[in-house]
Amino acid sequence: MIERYTFHERVCHWMTALTYTYCFATGLALYTPHLFWIALALGGGPTSRFWHPVFGAAFVVCAIWMHGMWRGDMSMTDVDREWMKGLRDYIENRDDRVVAQGRFNAGQKEFYWIMYYGAALLLVSGVVMWFPEYMPIWLRAPMIVLHECAALVTIGGFIIHVYMGVFMVPGGLHAILTGSVTRGWAKAHHAIWYKAVTGDRE
Amino acid sequence: MSNGVLEVKAISGHTGPVPGRDASRDFAVAKLIDVTTCIGCKACEVACLEWNGYPFRETTFDNTYQTMPDTAWNYYNLIRFNEYVGDDGAFSWLMRKDQCMHCADPGCLRACPSDSAIVQYANGIVDFQQEFCIGCQYCVTGCPFNIPKFNPETKKVHKCTLCSDRVGAGLEPACIKACPTGCLHFGSKDDMTNLAGQRVAQLKEHTSHKNAGVYDPPGVGGTHVMYVLHDIDHPERYGGLPKDPQVPLLVRIWKGPLKWMGNLAMTAGIIGVLAHFVRYGPKDKHD
């Protein structure tokens with residue numbers, strides 16, 4: 001077994017995931033009347049309205065924490081651009097045609113940057129919505145629209161992220177829970193990283 | 001107030017069928033404010049506080065006859081005051097009773113995300129149910145008249161109820177009852193529209209206010225609070241009454257296309273990953 005995520009990285013990931021998921025659930029409740037029952041299930045409308053921005057702020061703190069941790073790993077390289085050309089092969093599971101990847105592949109990196117910039121937009125618009133009574137009235141409607149658009153984009157990424165981690169790539173969920181992956185997994189999905197951490201020349 | 005209340009059933013000293021039998025009248029209610037006969041006495045402000053059980057709050061003095069700069073969560077009703085000098089040098093004091101307009105297309109109700117926090121009754125009254133209010137203040141964003149006001153202590157938003165509790169019991173709103181000049185009227189929307197038309201005709205015929213008119217803005221589907229103004233082309237002179245109020249465009253986009261497009265996109269996303277799993281399945285396991 002190879003260590004893929006340190007304890008520190010896993011804690012950071014799951015704190016970010018937890019705060020995001022709470023905001024996702026309560027945000028959906030306030031987003032559409034069809035899902036307002038989520039707010040009731042989570043303690044009521046006023047409770048959800050109170051905690052949503054608090055958890056949102058915590059999510060941003062976690063995102064900054066994660067950024068300090070993974071920023072270097074997430075920059076796009078020539079290998080990534082090559083991988084993106086074969087995206088269709090990756091999606092359709094023709095993995096023998098997919099080029100070797102470093103610690104994170106380009107899809108993971110794109111998801112990371114969507115969430116990073118999404119968090120920034122959600123923060124700016126969210127502060128206005130948190131304390132609307134102190135904000136000029138002309139600013140409120142544009143910020144609400146921005147908040148919902150940014151949230152929808154992150155939700156798109158979130159759906160794909162959860163699907164891939166849990167269902168599409170066996171071993172992915174196990175890796176982020178326990179931190180370790182098998183040699184075969186590392187070699188198959190992240191060959192460049194595998195060689196770097198093991199020194200395996202094969 | 002139901003349809004039946006306003007339907008004629010029998011008339012004294014009348015032979016033959018009752019005229020208007022089975023004909024139902026529009027039972028939408030309306031408040032008519034004739035600003036040309038308002039003297040700015042503020043009896044309506046006091047009556048509003050008394051009926052709603054709020055204490056009198058601190059006032060400000062800025063060399064006008066206005067009690068305070070704006071309405072408040074516990075001060076639904078404010079006479080706005082403006083000194084206006086016309087083109088011909090004629091000087092006038094413009095008084096306007098400012099409160100919720102009870103729009104037929106209420107921006108507050110459109111914007112509100114909380115189940116049951118805002119209701120619109122069939123008679124036209126738009127009322128806030130504070131027990132369901134979550135304090136997000138989207139209603140403030142949706143309102144083109146800047147009426148809903150937030151109470152920071154309770155995190156609830158309040159506004160004029162058009163005395164829905166009194167109207168439901170067959171009474172007129174408290175402000176109407178208190179008005180000493182008869183500038184405030186209350187009745188069915190039809191009757192108030194007629195009365196407003198008569199008053200406007202009277203103003204045009206007997207006074208110099210040739211441009212008098214009724215303020216019942218179509219941009220919000222009409223309102224259940226109407227004004228008779230000296231000059232219908234310049235409502236903004238009366239303490240910033242908007243000329244063509246609309247539910248803000250961004251609010252309509254946010255509550256219209258953005259909702260169904262977002263719902264569609266999220267549903268498509270979930271169906272998409274399910275379809276992917278069914279078609280391509282998981283990647284190979286590597287032990």
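**View 1. Chain A, taken as a whole.** In this predicted model, chain A is built from 10 helices and two strands. The C-alpha atoms of chain A fill a box of roughly 65 × 30 × 30 Å along the principal axes. Of its 202 residues, 30% count as buried. Look at the contacts in chain A with a separation of 6 or more, and 64% of them link residues 24 or more positions apart.

**View 2. A:N93, in a loop of chain A.** Here we zoom in on the loop between α5 (87–91) and α6 (106–130) of chain A, where A:N93 sits. Its phi is near 65 degrees, a positive value in a residue that isn't glycine. Is A:N93 buried or partly exposed? With 16 other C-beta atoms within 10 Å, A:N93 is partly exposed.

**View 3. B:C163, in a loop of chain B.** Now hop over to chain B, to the loop between β7 (156–158) and α4 (164–168), which holds B:C163. B:C163 also isn't glycine, and its phi is a positive value, near 50 degrees. This residue has 24 C-beta neighbours inside 10 Å, so B:C163 counts as buried.

**View 4. The four-stranded sheet of chain B.** This one is an open sheet with mixed pairing, and its strands come in the order β8-β1-β10-β9. The edges are β8 (184–188) and β9 (213–215) of chain B, each pairing on one side only. From one strand to the next, the twist averages 25 degrees. A helix comes along too: α6 (residues 189–206) of chain B lies across β1, β8, β9 and β10 of that chain, running at about 135 degrees to β8(B).

**View 5. How β10(B) pairs with its neighbours.** Strands of a sheet pair through backbone hydrogen bonds, either parallel or antiparallel. Which way does β1 of chain B run relative to β10 of chain B? Strand β1 (residues 29–34) and strand β10 (residues 225–229) run parallel, joined by four bridges. Two of the pairs to look for are B:K31 with B:V225 and B:I33 with B:Y227. On the β9(B) side, three bridges do the joining, and there the strands run antiparallel. One pair to spot is B:G213 with its bridge partner B:L229.

**View 6. The buried side chains of β10(B).** In a regular strand the side chains alternate between the two faces of the sheet. Here B:V225, B:Y227 and B:L229 point one way, B:M226 and B:V228 point the other way, and all are buried. Five of the five residues of β10(B) are buried, so the strand is largely enclosed by the rest of the structure.

**View 7. The largest nonpolar core, and another one apart from it.** In soluble globular proteins, nonpolar side chains tend to be buried together. The largest nonpolar core of this model has 74 residues, and B:V35, B:C108, B:C112, B:I118, B:C139 and B:M226 touch the most other members. What supplies the largest share of this core? It is β10(B), with five residues. Another core, of 17 residues, lies apart from it, and its members include A:F59, A:A63, A:L122 and A:I155. Back at B:V35, skip the neighbours within four places in sequence and you find contacts with B:M95, B:R96, B:Y227, B:V228, B:L229 and B:Y238.

**View 8. Where chain B touches chain A.** Across this interface, 35 residues of chain B are in contact with 33 residues of chain A. On the chain B side, α3 (138–142), α7 (249–255) and α8 (257–280) each supply at least two residues. The largest share, 11 residues, comes from α8(B). By type, that side of chain B divides into 20 nonpolar, eight polar and seven charged residues.

**View 9. Helix against helix, α7(A) and α8(B).** The axes of helix α7 (residues 137–168) of chain A and α8(B) come within 10 Å and cross at roughly 10 degrees. That angle makes the two helices, α7(A) and α8(B), roughly parallel. Among the residues of α7(A) in this contact are A:V145, A:L152, A:I159 and A:F167, while α8(B) brings residues including B:L258, B:A265, B:I270 and B:F277. The residues of this contact divide into 13 nonpolar, three polar and one charged.

Conventions. Residues numbered from 1 in each chain as written. Chains lettered and ligands numbered in written order. Predicted model: local features only at pLDDT ≥ 70, side-chain atom pairs only at ≥ 80, totals over all residues. Pairing = 2+ DSSP bridges. Axes fitted to C-alpha atoms, helices over the stretch in contact; angles between N-to-C directions. Contact = placed C-beta atoms within 7 Å. Nonpolar A, V, L, I, M, F, W, Y, C, P; charged D, E, K, R; others polar. Buried ≥ 20, exposed ≤ 12 C-beta atoms within 10 Å, placed from the backbone. Parallel < 35°, antiparallel > 145°, perpendicular 65-115°, else oblique. Core = buried A, V, L, I, M, F, W, Y, C linked by C-beta atoms within 7 Å.
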